[in-house]
Structure formats: C-alpha cells, structure tokens
There are 4 protein chains.
Amino acid sequence: MSFTTTTRVRFADVDPAGIVFYPRYFEMLNGAVEDWFEQDLGLSFKDMHLGRRMGTPTVRLEAQFMAPSELGDVLTITITAREVGRSSCAITVLFRGDDRDRLSVDVVLVCMDLEARKSMPWPDVVRAKLQDQIVPAI
Amino acid sequence: MSFTTTTRVRFADVDPAGIVFYPRYFEMLNGAVEDWFEQDLGLSFKDMHLGRRMGTPTVRLEAQFMAPSELGDVLTITITAREVGRSSCAITVLFRGDDRDRLSVDVVLVCMDLEARKSMPWPDVVRAKLQDQIVPAI
Amino acid sequence: MSFTTTTRVRFADVDPAGIVFYPRYFEMLNGAVEDWFEQDLGLSFKDMHLGRRMGTPTVRLEAQFMAPSELGDVLTITITAREVGRSSCAITVLFRGDDRDRLSVDVVLVCMDLEARKSMPWPDVVRAKLQDQIVPAI
Amino acid sequence: MSFTTTTRVRFADVDPAGIVFYPRYFEMLNGAVEDWFEQDLGLSFKDMHLGRRMGTPTVRLEAQFMAPSELGDVLTITITAREVGRSSCAITVLFRGDDRDRLSVDVVLVCMDLEARKSMPWPDVVRAKLQDQIVPAI
C-alpha cells in the first residue's frame, strides 16, 4: 500500500522559464517523506532527529523527469516502499499532475545514528510497518 | 478582514540549531501571499506572472523575530492589508504557533509591469478588493 | 572599517520574472556574515555552531529594495558594524552591482547559547573585534 | 578535459544533523554547470535563458552519496562531458572534499526551446566545444 500526499508549485519553486527548478522537487519529495514517516510509520522527523538523534539520509537516488511542472500546478506525490533491509529502505516516489507523470524517483534511504555518524538498524516498530507496506517493483 | 493560512515547519526549513533558518520564513510568507491573492483578490500568481506579465515585488520589509520555530511546528500566518496606494500595498504578516507570536513582518508590495520593468497601477478589481480588506495599523 | 565580499546571482536565485527572488538575498546576506565572522572576527560558523554550541540568530531586520538584480549580476556585499551590546550587534548590509545600490538591510543579531536557548554575552575576543570595527550610522 | 570549480558548504546548506541537506547539492551542481557553460562553452545562462530563450533542463539524474559534507567544508566540483547527442548531453559531476569523494552524479541535460517547450539541437558552436571535451565513461 502506497502513501499519497499533494503539494502545490509555488513561486519559490520556479525558474526563469516558469517551470520547477529541479532541486525544489527534492525538497517536495523530502516533505512527503516526512509526512509518510509521521502518518504511516509512527515516527515524526522532530522526534527522530531532535529526540532519538537518528536520521534517514539518502544514499542513492535515480530520477527521471518526464514532463515539466508550472507555477500553480497541484502535484500528487505517491511513495511506495520497495524493499526493506536491516538499516536501509528503497522507495519509489512518483509525482503526477493533471493525469500526467511529471517525475519518478527511486531513492534508497539509510537509518543513521547521528551521534556515531554510522548506519543503525531500523527500530523494530518502524521496520515492521515498512514491511507491511512493501509493493515490490515490477 | 484578514486572510489566514497555515504551514508546517519542514526539515528543509531548519538549521543546525534545529530552528527555522530565517530566509525560509520569507518563502513561507511569499506562499501565503500567493494564496491570499488567489483566494481573496481573485488573481493567481500564474495568471499574473505568466499571463498578464505583472509582478508584485517587495520594496520594503521590516521583520521582528519574537520566538524561534522548530521542526514540525504548525504555524498560522495572518495577512492584514494596511494601506493601498495607486500601485503599492502595505501589509502586516504575523506568524504564530502554539499561541505565541513567532515573527511579525511589515511588507510593502508594488504592482509592476514585468515587460517595462516599472510600477503600474493595480488592476481596478484588485484595488477594490484590497480596499475592502484594509484594517489600518493601530 | 567594513567587510566586503562579492557573490554572483545564480539561476537558483531568480524568479519567473528573471530577477532575484528576495528570500535568496537573505541567504546571500547570511553567507556574507559567515565570511565576516570567520575572516574578521576569528570565529567560523562551524566552530561556533557545532563546537561551542553558540548561534547568532537575527532578531530584527529592515530591508529596502532599491533596484532588482538579474541572473549573472555580480553583487558586492558590504557589512558595516553599527553598534555592539552585551549580547547583540547591529549591522548594515549593502548590496551593490554596477555602481547601483540594490538593497540595504539593517540587521540586529543576538549571540545565543544553543543549549539553553537564551542570549549570552559575546565572547570577549569577538566583542573586542566588533568594537574595533564600529562605524556609527549617520 | 574536465571543468573544475570549488564551492563552500554554507549555513544555508546544512540540516539539523549539521550535514548538507541533499537538495542543496543540486543547487551547487547547477551553479557549477552555469560556470562551465559560461567559461568553457561560451554561453552564459543569462544570454541563454533571457536572450536566446533556450534552456537546458535535466531529464535524467543518478546520484550516489558516498560521504556526508559538513558546514564549512570546501568542495571541489568536477564536470566531465560523457556523450553529446543532437540535443542532449550526458555529464558526470563529482564532488570531493579533503581527498574523499562525497557524491557522484550522472546527469542528462537537454537543450530546450523555451518558447516552443520542446527540445532543439545544440547551437553548432556549443556542440563543437562539447565534443572537444568528451571523456567517455569507462
């Protein structure tokens, strides 16, 4: 089962050509991941980072930009968990607007101990919830 | 009558101290102004910029930061129009969270012809709506 | 004596009108303040934030935008210290390009203990250097 | 032959964990591409976007994050052209600091006519210079 949220293309997101400057997509993507963690995995980024001193940096990312997005566009962002390891998680993030795919991003996140600066196993509760959500890539 | 919207402090907004990096407040402020124009003044930023080739740059800004905001905080942003001129508009933008003022910003916007790169009078419909909203500063 | 640095307007800084989106000016301003602290005051932002757990949040800011800046413009940023208090410092930051003032910003910074989340006195060495640099506003 | 430039990790670039928030790397990458176009390919982003109404959007991107970067780090960014097509160009962008690879990004850019919103052939002068620079991936 996937997680879905929406966002809107803001003035701050667009370039002189009137379309989204692509680094802004990754800010949107990160915002969607925050919502997913909090709503589906039971762990807010605030608790995670400031409380548990745990992070989820991106170690790998592959993006295909299919169609540009313009100022004012409403985008649907869908996150699908693909695979969960001891301390990593592969997800696919699809941005769509007006029934067209805008970009698709494959991301690998790693659970990191922010004090030790190295990877750590997912907390059991989080891993269990992640495993429940897995939809393997075709 | 004021316009109110809410936003949430994202990971992308906070600094190494865990609090909002202040330039991000101005991105939030600009997003709130976009919503206000579209919902209350009948003019979307898309139509304005890409269609009419009209912009509303900020010519003056005065901000007081009263209390820091943290990752995950939900902030209420209230925009109150203070004064409308031929081609300018003074507004006050107040950010609040958990019943505390976070920052208050006085902004002067100017209606600009993007082709000629100079100020132009507000379209009549916009000015009329702005005037209806005026709540003079005390 | 003032501190001067230069920066260049990047694609990431400009809006659909081809001019700097103003929150980006405040990122440039903050970058200039980083350089000033490191080069003139002997305190890098890294040592300050990650080592000493000390920050310098902005508590007040007043900006006047005199002329727009375009993609590719080289801007000179000049920081002049105006007044130093026990834990605060008032500075003026002027952006110029092609012999024209682009914006002028008066900023009040406060020295903050990031653990206690309250103001703290400037370290003596920093205050001494700040005082040497004061050029009172006319 | 590759193009090399340097940048510095700013306060604006780092997250609550004190390391670069990855969308900021893509802003740095885009800044490096701007310098490369202007210095090596003879085409500034200003002339390109505002004059010729031509853009170079990213259509594909693949990034591997090898080591985190911290506030104050000086990063070397090296751009190597890999392959040039009629209207596309594949490049590899490597970020290094203190003799360690931080991230490596494979990017495909496309030359776009901003009015027609479709791809267009590279101007001959640009393609010739791109071809001179090609270093095929191993």
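Which residue forms a salt bridge with B:R10, and how far apart are the closest N and O atoms? The legends below, written for a predicted model, begin with that pair.

**View 1. The salt bridge between A:E34 and B:R10.** In this close-up, B:R10 is joined by a salt bridge to A:E34, and the closest N and O atoms of the pair are 3.8 Å apart. Between chain B and chain A the count is eight salt bridges, and the rule also finds ten residue pairs in polar contact across this interface.

**View 2. The interface of chain B and chain A.** Here 19 residues of chain B are in contact with 19 residues of chain A, and the two chains bury about 1,600 Å² between them, with 49% of that area on carbon and sulfur atoms. Of the area that chain B buries against chain A, 32% is supplied by B:R10, B:F11 and B:L71, more than by any other three residues.

**View 3. The side of chain B that touches chain A.** The elements of chain B that give two or more residues to this side are α1 (22–40) and α2 (45–51), and the largest share, six residues, comes from α1(B). Sorted by class, this side of chain B has nine charged, six nonpolar and four polar residues.

View 4. The side chains of D:T80 and D:S2 are joined by a polar contact of 2.7 Å. Apart from neighbours within four places in sequence, D:T80 is in contact with D:S2, D:A90, D:I91, D:T92 and D:V135.

Key
Residues numbered from 1 in each chain as written. Chains lettered and ligands numbered in written order. Predicted model: local features only at pLDDT ≥ 70, side-chain atom pairs only at ≥ 80, totals over all residues. Heavy atoms only, no water. Contact = heavy atoms within 4.5 Å. Buried area = accessible area lost by both parts, 1.4 Å probe. Salt bridge = Lys/Arg side-chain N within 4 Å of Asp/Glu carboxyl O. Polar contact = N/O pair within 3.5 Å; in protein donor to acceptor, adjacent residues only side chain to side chain. Helix = DSSP H or I, 4+ residues; strand = E, 2+ residues; numbered from the N terminus. Nonpolar A, V, L, I, M, F, W, Y, C, P; charged D, E, K, R; others polar.
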